[in-house]
Each structure stands twice: as structure tokens, then as C-alpha cells.
Amino acid sequence: MVKPDRLTDLECAVVVQDLTVAYKEKPVLWDIDLKIPKGVLLAIVGPNGAGKTTLLRSIMGMIKPAAGNVAIFGQSIAAKKRSIGYMPQRGTVDWDFPTDALDVVMMGRYGHIGWFKRPSVNDKKLSLEALDRVGMADFASRPLNQLSGGQQQRVFLARALVQDADLYFMDEPFVGVDAVTEQAIIELLKELRNQSKTVVVVHHDLQTLADYFDWVSLLNVRQIAYGSVADVLTPENLKITYGGRSSFLMHNPVIT
Amino acid sequence: MSIEQLSIIGLASLVSISCSLCGVYLVLRRLALISDAISHSILLGIVCSFFIVHDLNSPLLILGATLTGVLMVYLTEILVASKRLKKDASIGLVFPLFFSISVLLINLFAADIHLDQDSVLLGEIAFTPFRLLTIWGYNLGPASLWVMGGILVLNVVFISVFYKELKLTTFDHGLAAMLGFFPAYLHYAFMAMVSITAVGAFESVGVILVVALMIVPPATAYLLTNRLFPMMILSIVFGLASSLLGYSMAFYLNVSIAGSMAVMTGILFLLVFLFSPSQGLIMKFLTFQQQRILFSTNMLLIQLLEHEGTKTEKTENTVSNLIVHMKWTFKFANSIVSYALEKGFIQRHDDRLLLTSFGREKAKRVIVMDA
């Protein structure tokens, strides 16, 4: 596998240079350099408060960085918005909102639909297909507040799929889902990767890291290490990332 | 019914429909209290614009009022962004300031015009028929009807045009931002819409009751549906019903029309809260009672089955043991036993309870279902 510092900008889906993000003068992300090659499944791993979500959001232009540059496929974020698919954490929205699963999936099409126009028959068809891919076809007209946590997560994944992007950002897609759903989700992510799409995932479980992902970025405000899973996942790197607790983490399947 | 009454009812309907429509998105965006803050703040805009144009019927008053409404929202958001204050505290800080300044200004400079405290607080919908709109000498009927009608059209157009965008920014602000739908701009456009609606409603129902008309009908609708479009329609229905019933109540009791309308929104909410077929309190209570009886009966059958033919059967399978073992009250144990007897699950010999063959089958089925 190519070493990250050997990557040319042309091979990259995302190039982050010297990114620093601060809340009230306190740096949340400090001087991040990150070159994400096209067609990989990348995990961003780190303890709570490490800035994982902030990193995703600043790459997508939802947070204004204090310093640094982000390029998506060699262009500005604004120019490449259509090529990005985003699956936020489940808790960021109100699941009592009065609508059904299909309608939420359809929201993923809004970027393609544009202002003022209503979703077309084709948008509906694509959304139903996406629900089917995540095994939720029977739940299309189910109100949101009657979905379980795992079902909500699948709906969010379907919504990211219909964005029909080249680059996906997923914030903790495996949180609160059972083993079967986790398998279904990772199969889909691998399928996307095999279609040479780039998938960036905030992940928590060190045990599954090697099975699920090609590349990993260890993050704790700074980027501790970045590269292929085999190169990066060393006890020393984990110790720096998680402090003294890493030996415990490696032998415990449940990490939150 | 006289033409005066009709124009009051007409205005009340226009106000309540506009408020209910805005209110759906206020409730879903968790901005319910913003409507109260806006309705108080717009007074400052009305007063200031009045000092400029010296005409209470000038359209400039609506413009000025809308601007102060949006300005108030903007100031609260600056305070929130400073991270020194939370949202509720920021709202509570800004709008009383705006409102109190306008009260002082009215006291100082406008004591002789009709912007008096009573009409500010409760509106004066009863005067509707007497302020007429005349253009080039033609009498076009009550001016408020035209203004409020225009505001309603504006509301309907705004919500229809931005239906998809409003839904997305309300449900998922982050995705909306990423897809380039400018949720912040849409938020301010919506706040301007709420302000304009509050200005229109202000003249009829005053600053205090706007919040009731904006929030209670959507909250009532929310109890009955989990779809957005039906929620809007139901909200309008409840808004309209409140204004019509409120007007009738005010007429018969000879009390404030605005007050009656607001009371009616509350009464309708309470009725739905109690009697809604899906989520009503009474239905929930009945379902709970029903489930409790069925569940307890199953527990009784399993208890009888488990101890059937054992040495302890004589002591275990008794009514008195139910009270000790299951911690049921005497009354509840008896009611469950009577229910099981009635269904033919068990037979009773004084204190002892025996399964019928039907009851035995039932108990086995329950256990299999649980396993």
C-alpha cells in the first residue's frame, strides 16, 4: 500500500493542509495534514473529544477553520458539494419529526433536485431502492418515531446512499446497532469502496478496525498517526492517542 | 349576523390561519417562545415608525415592526454565539428590553393616541369594522381584513415555495447546510415571516395572545398526526375552530374576543390531549388497564401450571398465595381470578385454584411465546 506522504494530489479525494479549528481560542484540531486517496475505506479513530466530528465537519465546510486548507477532488468544497454524501450522528436530529422513513431518505436527493422543485418519480424510485439496499423496504411509510435506533441508522445510511456521491462521510454509523445491522452496514460500505468511492468513517471499535478498514487516522486534537491499518495500529501509537488506557482498549470489544 | 360581526369573524379567521401555519414550523423548530418574544418586540418597531410617519395606518409601520422582530432574533443569536448565555436566557434578556423601551416611549410621547396599554396587550379586534380602507374615494371595507389577508397569502406562498427547504432545514440543519440550502438565511426569512404575521395579529389580539394562536393549534395537531402536511391542515382547522368558537363565547358571555379565542385554543388542546384515539390520555389509560389484566392473567396461569402436580401445589395454587407471592392486593387478585374464571381458564374451590384443560393449553402457549 502507498505511504500517505507519497500520494500525489491527483490521486486524492481529499487533501487537508495545516487545518486548525478552535472554539473560543481553545484548539480542537491542531495542524492536521491529511491526504485521503480515492477508493479507500478510511477510519478516523480517537477518544471522546478528540475532534473527529469536527474534522469531518470542517472538511465538509460546515465549520470555518481558524487556519488551513481543504481541497475536495482538487477543488474547493463549494464546487464539489454534489460529490459529497454525509451521514451525521443519529442524535443530531429530532426523530419525533412528523414524517416517514421514505421522506427522510428522499432528503438525500434534495441536493440534486435543487431549490423550489419537488422530488420527482425517479427520486422516489431511487429512495425506495436505497431503503431496499439497507433492508428497510418494508418500513418506507413508517413514521420516524416508530423506528428503533438501528432502523433509524439504516434510514440515515440509505439517505447517504441516494446522495449518489463519490466521497462519503459517516459519523459513527455503528453506534447503537446490533451485530446483524453492523455487518449489513459494513458490507454496503465495502461495496461503495469497490465501486471506487471514498468512504471516511468515524469509528470507535479498535477490535474491528483491521477487518473493516484499509486506512486509519488516529486523532487526538493532533493527528497521531496516519496510514494503512497494519502500519498505524501499533501499541505505541494507541498509547499516545488514548493515553495510558490503550492496553485496556485493545482487549475490550466495547469502547464508547 | 351583521356585517360588523362578519368582518370581525373574518379577521379572526385570517389571523388564526396565518398564525397556525407559521406555528407548525415554530413548534417543530423548538422556537415556540420566539413567537412570544417577536410579538413583544415588534411594538418597538411600530412606535418608532409611528414617530417617523405620524400615521398609524401607514404600511411603514409593518415594515418597521418586522425589522425589529428580526433584529431581536439576531441579537439573541449574537448573545448565544458569545457562549456567555444560553438561548432561553438570551431571549428573556432581549425582548423585555425592546418591549419596555416601547412602553416608555408610548408613555412619554404618544399618550394621546390610541396606542394605549390595553390595546397593546389585548388588541382591539372589536374595532375592526370601523377602520375602513378607502382608495380614490371607493370604500373597500375594513382595512385590517386587507392587511391580514395579504399576510395570509404571503404565508401560504412562502411555505409552498420553500416547503421542501423548510422541511429539510427544520429536520436536519447540518445536511441542509452541506447541500447548500443556506439554513441560516432561510431561518431569518422565516423569522421575518413570523414577525410580519405577528404584526398583523398584534392589531387584533395584542402582544400576549399571539403566542397562544401560534403555538397551541400546531401543538394540538401534533398530538393527532405524524405527517407534516396533515399537521399543517389540522393546525389550520384547530386555529379556525378556536377563533369561531372563541368569538361565539365572547359574544354570549360579553367578554374579550381575543381572550376567548386564546382560551378556546387551550380547551381544544385539552380535549384532544384527553380523547385522541391514538395518543390520548384516556385511551392510553384504558389500553394500559387492559394490558395489565391480560398480563396478570397470563402470570396466574403460568404460576398454576408450574406448580401443578407438585408437592407444594396445595399452598402455591391458592388465592392467598397470589397476594403473598405476586404482591397483588386482595382486590386485584380477586378481579384477576374472576376474569380467569369467566374466560374458563380455571376452576375455584374456596381458596384453591385449578387449571381447566383449556387454561392449561393457554398457559403452555404463553410460555412458548415467551421463550
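Reader: Which residues does Thr265(B) touch, not counting residues up to four places away in sequence?

Author: In this predicted model, Thr265(B) touches Ala212(B), Leu213(B), Val216(B), Pro217(B) and Ser242(B), where contact means heavy atoms within 4.5 Å. The place of Thr265(B) is in helix α11 (residues 257-275) of chain B, helices being DSSP runs of H or I with at least four residues and strands runs of E with at least two, numbered from the N terminus.

Reader: Why is Thr265(B) called buried?

Author: Buried means under 20% relative accessible area, exposed over 50% and partly exposed in between, with a 1.4 Å probe and protein chains only. Thr265(B) has a relative accessible area of 2%, and is therefore buried.

Reader: What makes helix α7 of chain B mostly covered?

Author: Nine of the nine residues of α7 (residues 163-171) of chain B are buried, among them Tyr163(B), Lys167(B) and Phe171(B).

Reader: How do you know that Asp103(A) and Lys167(B) form a salt bridge?

Author: A salt bridge is a side-chain nitrogen of Lys or Arg within 4 Å of a carboxyl oxygen of Asp or Glu, and the closest N and O atoms of Asp103(A) and Lys167(B) are 2.7 Å apart. The count between chain A and chain B is four salt bridges.

Reader: How much area do chain A and chain B bury between them, and how many residues does the contact take from each?

Author: Chain A and chain B bury about 2900 Å², with 64% of it on carbon and sulfur atoms; buried area is the accessible area (1.4 Å probe) that two parts lose on being put together, summed over both. The contact takes 35 residues from chain A and 29 residues from chain B.

Reader: What makes β1 and β2 of chain A a pair of strands?

Author: Two strands pair if DSSP finds at least two bridges between them, and eight bridges join β1 (residues 12-23) to β2 (residues 26-37) of chain A, which run antiparallel. Val15(A) stands opposite Lys35(A) in β2(A). The two strands form a hairpin with two residues between them, and Lys24(A) in the turn has a positive phi of about 50°. Five bridges join β1(A) to strand β4 (residues 67-72) of chain A, also antiparallel.

Reader: What conventions lie behind these values?

Author: Local features need pLDDT of at least 70 and side-chain atom pairs count only at pLDDT 80 or more, whereas totals for chains, interfaces and linings use all residues. Side-chain values use heavy atoms, without hydrogens and water, residues are numbered from 1 along each chain as its sequence is written, and chains are lettered from A and ligands numbered from 1 in the order in which they are written.
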